[in-house]
Amino acid sequence: ELEAMKKNAEIDRKKIDELTREKELLNKKMLKTAADTTKQQDIVKLHEQSKKNLEHEIQNYKEEAQKQRKLIYQLEKERDRYINEASEMTQKCLGAMEEVKIREMQIFDYKKKIAEAETKLKQQQNLYEAVRSDRNLYSKNLIESQDEILEMKRKLKIMNHQIDQLKEEISAKDTALSKERLDHQEVEKHKEQLKAELAG
């Protein structure tokens, strides 16, 4: 009977060692998962900040584009006004030959202004196209960042679920280990009693 108790005690010791190793392994897994979770959270925060920055830049481009459209409209009105004035001066020149030279100079000046206005208009149109192109690019980047943030949040949810499962497993292992220790103590106590009886 004593030999059997020794074997049982050895089996219990091995079980305790095995449970202890499993507990340590689970603790390491939980720490690694927690670190990965923290890293993913930092990445999500970084993408959210990038999203805010992109939204801010897009808003600035929208405001700038609105200003450029207003300026283009004003330049177009100015161009039309100069064109109308030049046409009126041409008609007056047909009826007043004495003022032809003066009128021609005026027409030349007005045409020069029209050319300058058209040049400005072309420049503003090119700038507007560049702003619109940049806005489209930032909009695309914003959509991509939003998709990445959604994916990161999904992974974060999975990792939190895994941590909860690991915590439950560790709790169960701790309970089993405590029970094994209690059983082992009972066996040791009984073994000591048998030794005392055999000695007596």
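Colleague: Start with Glu85. Is it buried, partly exposed or exposed?

Modeller: This is a predicted model, so take the values as computed from it. Glu85 counts as partly exposed, because its relative accessibility is 23%.

Colleague: Which side chain does Glu85 meet in a salt bridge?

Modeller: That of Arg81, with 3.3 Å from N to O. Both Glu85 and Arg81 lie in helix 1. They are four residues apart, about one turn of the helix.

Colleague: And Arg81, buried or partly exposed?

Modeller: Arg81 is partly exposed, at a relative accessible area of 41%.

Colleague: How many salt bridges turn up in the whole structure?

Modeller: The search finds 10. One of them links distant parts of the chain: Lys173 in helix 2 and Glu22 in helix 1, 151 residues apart.

Colleague: How far apart are the closest N and O atoms of Lys173 and Glu22?

Modeller: They are 2.5 Å apart.

Colleague: Are those two residues buried or partly exposed?

Modeller: Lys173 is partly exposed at 27% relative accessibility, and Glu22 is partly exposed at 26%.

Colleague: What about Arg154, which residue does it form a salt bridge with?

Modeller: Arg154 pairs with Glu151, and the closest N and O atoms are 2.6 Å apart. Both residues lie in helix 2, three residues apart, about one turn of the helix. Arg154 has a relative accessibility of 43% and counts as partly exposed. Glu151 is partly exposed as well, with 31%.

Colleague: New topic. Which residues make up the largest nonpolar core?

Modeller: Five residues: Ala65, Ile72, Leu121, Tyr128 and Val131. Helix 1 and helix 2 are the elements that each give two or more residues to this core. The largest share, three residues, comes from helix 2.

Colleague: What does Ile72 touch, leaving out residues up to four places away in sequence?

Modeller: Ile72 touches Leu121, Gln124, Gln125 and Tyr128. Leu121 and Tyr128 are also members of the core.

Colleague: How many aromatic pairs are there?

Modeller: The count is one. The pair is Tyr61 and Tyr138, and it is stacked.

Colleague: What are the numbers behind "stacked"?

Modeller: The ring centres are 5.6 Å apart and the planes are at 25° to each other. The pair counts as stacked because planes under 30 degrees apart are classed that way.

Colleague: Is Tyr61 buried or partly exposed?

Modeller: Tyr61 is partly exposed, at 24% relative accessibility. Tyr138 is partly exposed too, with a relative accessible area of 21%.

Colleague: Now His47. Where does it lie?

Modeller: His47 lies in helix 1, which covers residues 2-95.

Colleague: Buried or exposed?

Modeller: His47 is buried, because its relative accessible area is 18% and the cut-off for buried is under 20%.

Colleague: Which residues is His47 in contact with, apart from its neighbours within four places in sequence?

Modeller: Glu148 and Ile149. With Glu148 there is also a polar contact of 3.2 Å between the two side chains.

Colleague: And Lys29, which helix is that in?

Modeller: Lys29 is in helix 1. It counts as partly exposed, with a relative accessibility of 44%.

Colleague: What separates the C-alpha atoms of Lys29 and Gln162?

Modeller: A distance of 10.0 Å, although Lys29 and Gln162 are 133 residues apart along the chain.

Colleague: Last one, Gln91. Buried or exposed?

Modeller: Gln91 is exposed, because its relative accessibility is 54% and exposed means over 50%. Gln91 is in helix 1.

Colleague: How far is its C-alpha atom from that of Ile143?

Modeller: The C-alpha atoms of Gln91 and Ile143 are separated by 58 Å, and the two residues are 52 apart along the chain.

Colleague: Thanks, that covers my list.

Notes
Residues are numbered from 1 along each chain as its sequence is written. This is a predicted model: local features need pLDDT of at least 70, side-chain atom pairs count only at pLDDT 80 or more; totals for chains, interfaces and linings use all residues. Side-chain values use heavy atoms; hydrogens and water are left out. Buried means under 20% relative accessible area, exposed over 50%, partly exposed in between (1.4 Å probe, protein chains only). A polar contact is a pair of N or O atoms within 3.5 Å; within protein, one must be able to donate a hydrogen and the other to accept it, and residues adjacent in sequence count only if both atoms are side-chain atoms. Contact means heavy atoms within 4.5 Å. A nonpolar core is a set of buried Ala, Val, Leu, Ile, Met, Phe, Trp, Tyr and Cys residues joined through side-chain atoms within 4.5 Å. Rings of Phe, Tyr and Trp (its six-membered ring) pair if their centres lie within 6.5 Å; planes under 30 degrees apart count as stacked, over 60 as edge-to-face and the rest as tilted. A salt bridge is a side-chain nitrogen of Lys or Arg within 4 Å of a carboxyl oxygen of Asp or Glu.
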